[in-house]
Every structure is written in structure tokens, then in C-alpha cells.
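Please work through each task before reading its solution.

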Amino acid sequence: MQEKQQEIIAMFDDIAGSYDLANRVMSCGIDIAWRKKACEIAFENLPQERLKSLQIADIACGTGDMISHWQKNAMRKNVCIESIIGLDPSEGMLNVARKKLPQIEFVQCEATKLPLESASRDIISIAYGIRNVVERKRALEEFARVIRVGGILVILEFTKCENPSLLERLMGFYTKNILPFVGGIVSKNYRAYRYLPDSIEEFLTAEKLNEELREVGFSPLFTKAFSANVCTLFIAKRL
Ligand SMILES: C[S@@+](CC[C@H](N)C(=O)[O-])C[C@H]1O[C@@H](n2cnc3c(N)ncnc32)[C@H](O)[C@@H]1O
């Protein structure tokens, strides 16, 4: 298990330098709308009082994209972020993040062992990260430990689609065949981008992930699939 996890982290180290460019080319920028929606719905589901001094942790933060989105959307919505921290096990991804966002604290660690106090955050986000965590259940339990009661967990992820419609099959073809090809060209690491569709295939359906969230103490509040089920946004409240 640990070997597989270390291979995944090493793969992100390898592609860190081209990750942002590959992401933008592959998604044609559409992920920006998904990230914005994630921030907005998280804010809407917190009491007004908490929006005056939010404490946020972004897990599997990679090159820091989600942190920038938290900051931008907080400004737009008049929300005050008191503290925001990015955590990721890949030194390569964190190096890029530190250059882009020098004022933000980044910590190298896995989602299964967060160096954060219990009940210390209002929001935990993990964008396109949970699929890469081999010991997922342990990570979800960690999130439940760190989020305050009433706090919000935000997950953006590529989920598996059962009984896909024609449009969903077309999008599946794009994800399985076109994306790895484009990502491979931009990063010159075809293997890393072959991993993307394989990991989606091995991952859960949205229903199954919500079940796992309930098992560790979350109440799913909002689940929405975007772009013919390519990506799903999960918003869950810590009970
Ligand atoms: C597809 S990137 C997503 C990065 C960023 N969140 C974003 O939205 O662009 C996946 C990230 O998951 C991280 N990762 C892999 N294994 C992990 C683990 N066990 N715990 C936490 N993060 C992990 C990788 O290092 C990588 O930065």
C-alpha cells in the first residue's frame, strides 16, 4: 500500500513543473467555474459569524490553485479568511506553490496524517486529491477530526460513472483517450497522464463516496456533477 502511495507522490514530483500548464490546456479553463462554485457553496453553508474569521486547510494542495480560488472568492463575497494553509506530500508540487504564493504557509504531509489540531478548521478542501490517497478511509477520518462541528468539507473529484448516457460515454472517451495524450505531450510524461483515467476507473461513484462520508461523521449537503459527469463537487457538513 505504502509503495503504491509513494509511486503516486513521486509521479506528481515528476510532473510538477508542467502541471499548471497541462491542467489549463486539458480542462480549457473550465475547472475555474467548478472551483468558484465550490467556494461559493461552502460559504453559503456556514453561519454568518464564521465568515468573519475563517480558518481553511487545503489538502493535496498541489501547486496552490484552490488556495488562490479561496482568496479570490472570499474577496468577492466579503468573507474574511483568518488563516489558510496548504498541505501536500509532493515536494515538487509544493516548490511550485511556494513560488506562486510566497505569503502562504505550505506543509509537506499526507492526507492521512495532518499536522493540525483537532476541531481547528471551518473548511477543509481537497480538489482532485482524494482519488490519489491510497488509504482514503483514514484520510476522511482525519478530515472529520480536524474540521469543527458545523464546519464544511469540500471535495472536487473525477468520479466513476455507472450506466453512462451517450454524452457521458463521449466525455468518458475524451477523459480516457484525449486527456492522457494532451497531458503526455505537455508534460512529456505520458505514464503520469495514463494514470488519470486508470485512477478514475478505480475510484468510487458519487453515491459511494457520500456513503463513506456519512460513515465518518459528515452529512452530505450538496452533490453536483459537472460537464456530463466529468467532475463532481461534494459539500458535506461535519456533524
Ligand atoms: C491532481 S493534483 C491536485 C492538486 C490541486 N489540489 C489542484 O486542484 O490542482 C493531486 C495532488 O494530490 C497529492 N497527493 C497524492 N497523494 C496524496 C496523499 N496521500 N495525501 C495528500 N495528497 C496527496 C499530489 O501530490 C498532488 O499534488
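**Exercise 1.** State how the residues lining the second largest pocket divide into nonpolar, polar and charged, and which elements supply them.

*Solution.* Step 1: the lining of the second largest pocket divides into seven nonpolar, one polar and seven charged residues. Here Ala, Val, Leu, Ile, Met, Phe, Trp, Tyr, Cys and Pro count as nonpolar, Asp, Glu, Lys and Arg as charged, and the others, Gly among them, as polar.
Step 1: the lining has 15 residues, of which K4, I8, Y195, S199 and E202 lie nearest the pocket centre. On a 1 Å grid over the protein atoms alone, a pocket is an open set of points with protein on both sides within 12 Å along at least five of seven lines, whereas a cavity is a set of points where a 1.4 Å probe fits but cannot get out; lining residues have an atom within 4 Å of a point.
Step 2: α1 and α7 each supply at least two lining residues, and the largest share, five residues, comes from α7. Helices (H or I, at least four residues) and strands (E, at least two) are DSSP runs, numbered from the N terminus.
Step 3: the volume of this pocket is about 370 Å³, a volume being the space filled by probe spheres set on the points, which are joined across faces, edges and corners.

The model is predicted: local features need pLDDT of at least 70, side-chain atom pairs count only at pLDDT 80 or more, and totals for chains, interfaces and linings use all residues. Residues are numbered from 1 along each chain as its sequence is written, and side-chain values use heavy atoms, with hydrogens and water left out.

**Exercise 2.** Describe the largest pocket by volume and by lining.

*Solution.* Step 1: its volume is about 780 Å³.
Step 1: 49 residues line the largest pocket, with F12, Y19, Y128, R131 and F158 nearest its centre.
Step 2: α1 gives the largest share, 10 residues. Elements supplying at least two residues each include β1 (54-59) and α6 (166-187).
Step 3: by class, 31 of the lining residues are nonpolar, 11 polar and seven charged.

**Exercise 3.** How many cavities of 30 Å³ or more does a search of the whole structure find, and which residues line the largest cavity?

*Solution.* Step 1: the search finds one.
Step 1: the largest cavity holds about 30 Å³ of space.
Step 2: its lining consists of M1, Q2, Q5, E110, T112, V134 and E135, that is, two nonpolar, three polar and two charged residues.
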